[in-house]
Amino acid sequence: MEMEMVKFFHMNGGAGGASYSNNSGLQKMGILKTKGMIEKAVTDLCYSNVNFPKTLTMADLGCSLGPNTLLVGSMLINAVAKASLKMGHKSPEIQINLNDLPTNDFNTIFSSLQEFQESSIIGDKDFLTFLRCRSEEMVVGGHMVLTLSGRKTDDPCDEESYYLWRPFSMALEDMVSEGLIDEAELDSFNLPQYTASLNEIKNLVEKEGSFIIDDMELFDVDWTAWEKTEYGNDAKRGVALAIRAAIEPLVSNHFGEAILDDVFMRYEKFLTNRLPCKEKEALVTISVSLIRKM
Ligand SMILES: C[S@@+](CC[C@H](N)C(=O)[O-])C[C@H]1O[C@@H](n2cnc3c(N)ncnc32)[C@H](O)[C@@H]1O
């Protein structure tokens with residue numbers, strides 16, 4: 001990733017109205033759907049060791065900030081506790097490494113830890129490099145569960161991959177037509193977003209060669225279910241806020257802070273107009289469970 005992009009490609013920090021912490025409920029629904037796969041990976045890992053591990057080291061890659069970071073941590077701790085109990089062992093010491101881009105707001109994670117204790121990329125080349133780097137860090141038999149934005153079709157240009165982003169480009173184009181944004185500025189804007197298909201991931205894992213695919217699932221994270229839980233009848237508003245929490249720093253760096261409220265208001269309008277059909281009201285997600293080969 002370009003250095004300039006690294007500086008501004010991070011989720012919105014803090015705990016304010018437009019923060020990632022307060023607008024990541026959709027991702028939370030996706031994470032909850034991976035519970036079974038994570039439990040299986042942890043149980044298999046514990047069973048596959050001749051000596052039950054004294055310490056388990058894990059990493060949340062792309063942990064971001066907010067309740068989801070702690071939710072993933074607690075899912076891992078509970079999965080280990082469950083597996084230990086099943087096998088009649090004491091729970092091992094658990095080390096969870098939180099990984100994200102250097103500009104991620106790690107302070108907010110640490111300041112929310114106390115409250116928690118009381119209460120409880122991608123192009124092909126990038127993905128190959130990612131797998132190669134992880135294979136060097138992981139022990140043989142180590143497990144890694146990846147959850148990524150996905151697509152159902154094999155065609156990367158299918159509109160399915162753009163249905164959340166097309167309304168954003170429409171909002172920007174709208175502002176260009178009103179002279180509020182320079183056309184050249186729009187042309188030079190780059191959003192580092194990629195949705196993969198099951199086949200693509202499978203082929204790349206095989207091509208890289210260090211991992212066995214233990215399990216793989218494609219599922220919908222349904223906005224309508226989310227609607228009922230968090231946003232009353234207004235899921236589109238929630239989605240617009242979630243997208244804002246994720247890309248505001250990038251947009252602000254490129255176009256300037258002054259356009260933010262306007263562009264995201266237009267985005268919400270286009271999103272609402274564009275997404276009347278039920279079957280599209282879901283975020284396609286892929287989870288894959290990998291084991292480091294000998
Ligand atoms: C959509 S967020 C998901 C965050 C969190 N796991 C959740 O489910 O709510 C993706 C995260 O991946 C991080 N990320 C993207 N590229 C990364 C990279 N190359 N290395 C580490 N983290 C990265 C982003 O900064 C962001 O926090």
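Phe-52 sits in the loop that links helix 3 to strand 1; helices (H or I, at least four residues) and strands (E, at least two) are DSSP runs, numbered from the N terminus. This is a predicted model, in which local features need pLDDT of at least 70, side-chain atom pairs count only at pLDDT 80 or more, and totals for chains, interfaces and linings use all residues. Residues are numbered from 1 along each chain as its sequence is written.

- Phe-52 counts as partly exposed because it has 15 C-beta neighbours inside 10 Å; buried means 20 or more other C-beta atoms within 10 Å, exposed means 12 or fewer, and partly exposed is in between, with C-beta atoms placed from the backbone.
- Not counting residues up to four places away in sequence, Phe-52 touches Cys-46, Met-87 and His-89 (contact: C-beta atoms, placed from the backbone, within 7 Å).

**Helix 3 against helix 4**
- The axes of helix 3 (residues 35-48) and helix 4 (residues 67-87) come within 9 Å and cross at roughly 45 degrees; axes are lines fitted to C-alpha atoms, for helices over the stretch in contact, and angles run from 0 to 180 degrees between N-to-C directions.
- That angle makes helix 3 oblique to helix 4 (under 35 degrees is roughly parallel, over 145 roughly antiparallel, 65 to 115 roughly perpendicular, and the rest oblique).
- On the helix 3 side, the meeting residues include Ile-38, Val-42 and Cys-46, and on the helix 4 side they include Ala-79, Val-80 and Met-87.

**The nonpolar cores**
- Among the 28 residues of the largest nonpolar core, Ile-38 and Val-42 touch the most other members; such a core is a set of buried Ala, Val, Leu, Ile, Met, Phe, Trp, Tyr and Cys residues joined through C-beta atoms within 7 Å.
- Helix 3 gives this core its largest share, 6 residues.
- Leaving aside neighbours within four places in sequence, Val-42 is in contact with Ala-79, Val-80 and Ala-83.
- Another core, of 26 residues, lies apart from the largest one, and its members include Trp-223 and Tyr-267.

**Leu-128 in helix 6**
- Leu-128 belongs to helix 6 and, with 16 C-beta neighbours inside 10 Å, counts as partly exposed.
- Beyond four places in sequence, Leu-128 is in contact with Leu-204, Lys-207 and Glu-208.

How values were computed: Two residues are in contact if their C-beta atoms, placed from the backbone, lie within 7 Å.
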